[in-house]
Amino acid sequence: MRGRGLKLRDTPSASPALWRAVPCPAAELRLDLVLPSGQTFRWRESSPGAWTGVLGGTVWTLRQERDRLWYTVYGGEAGADTDRLLREFFQLDVGLRELYRGWGAADPLFREAAKDFPGVRVLRQDPVECLLSFICTSNNHISRITAMIERLCQAFGRHLCHLDAQPFHAFPSLTALTGDDAEARLRALGFGYRAKFVSGTARAITEGLGVEGLHQLRTVPYAEARKVLCTLPGVGTKVADCVCLMALDKAEAVPVDTHVWRIARQRYGMELGGRSITPRAHQEIGDFFRGLWGPRAGWAQAVLFCADLHKGREPAVSQDRDKES
């Protein structure tokens, strides 16, 4: 039975029997760079160095110490299954240091930008949560998106527990978001024009592709997966590429928002024309970086995106709008 009122555990030394660890050097993962940088919106730094969030319908706290990724779960038991889930979420079987060396050898600009940002890797997220979350990112910024997703989970998701009086909820099921009043409730929660896209996509998946069909996009070629995603309400090329990269195992997908567009123009000298991200520019930028960085170009892009985010202290995920009308 899940606990309802629990105390936050922020360090293994306080209650070592409730924590487990998997090997993970800092060069392979930096929680402080990956979790708040706009890939996922369900994690917060609950105390210095400790990150608490929801993964797989369970609340976790994570901490890195001495080349170990420590974790504790609330209302459940930690063991081999939770080790596996954590490793899959962070894709720890992908050797990041070797990738950095390869990207740096091919691209001196990457080598210079990435030297202060080790351990930035792409998450492997649940496709439904990733898709519906990124529909909310157009013309938005990280802090506001995080607050929107929190309201979404509180209003439509299953309650998991309270930690020090802070409630935690699972991400909503598609069924919860397909009710007749779902769009109106989302508008009341401040989702604006995105409300019809969130409820519309939830309905489109339920009535068409299905959750299993969405997961099966992991097995088809990148171009095919992106094409299918772009048929859904509110999903344009940028959102589709985010989902392809962060949920559907398409490591070559390069999401292009204002950060990446600016990087391509200003640092790499691409002649893109205009001041907006056209579909043609999106394709040209993606093709350019795939040619430069290879089959995991989306991972390299995530490093530069993170570096750009921290350099300018900018909270934006995207300032372009994806299929608003």
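The model is predicted: local features need pLDDT of at least 70, side-chain atom pairs count only at pLDDT 80 or more, and totals for chains, interfaces and linings use all residues. Residues are numbered from 1 along each chain as its sequence is written, and side-chain values use heavy atoms, with hydrogens and water left out.

**Exercise 1. Overall form**

Task: Determine what radius of gyration the protein chain has and which value a compact globule would have.

Solution: 
1. The radius of gyration is taken over C-alpha atoms, and the globule rule is 2.2 Å times the number of residues to the power 0.38.
2. For 325 residues, this rule puts a compact globule near 20 Å; the protein chain has 19 Å, which agrees.
3. Along the principal axes, the C-alpha atoms fill a box of roughly 55 × 50 × 35 Å.

**Exercise 2. Burial and contacts**

Task: State what percentage of the residues in the protein chain is buried, and what percentage of the contacts between residues at least 6 apart in sequence joins residues at least 24 apart.

Solution: 
1. Buried means under 20% relative accessible area, exposed over 50%, and partly exposed in between (1.4 Å probe, protein chains only).
2. Buried residues account for 54% of the 325 residues.
3. A contact requires heavy atoms within 4.5 Å.
4. Of the contacts between residues at least 6 apart in sequence, 69% join residues at least 24 apart.

**Exercise 3. Salt bridges**

Solution: 
1. Side chains of opposite charge can pair when their charged atoms come close.
2. A salt bridge is a side-chain nitrogen of Lys or Arg within 4 Å of a carboxyl oxygen of Asp or Glu.
3. R20 and D83 form one of them, at 2.6 Å from N to O. Helices (H or I, at least four residues) and strands (E, at least two) are DSSP runs, numbered from the N terminus.
4. R20 is partly exposed at 31% relative accessible area, whereas D83, at 15%, counts as buried.
5. R124 and D249 also form a salt bridge, at 2.7 Å from N to O. R124 lies in the loop between helix 4 (108-114) and helix 5 (127-135), and D249 in the loop between helix 10 (237-247) and helix 11 (258-266), so this pair ties together parts 125 residues apart in sequence.
6. R124 is partly exposed at 27%, and D249 is partly exposed at 36%.
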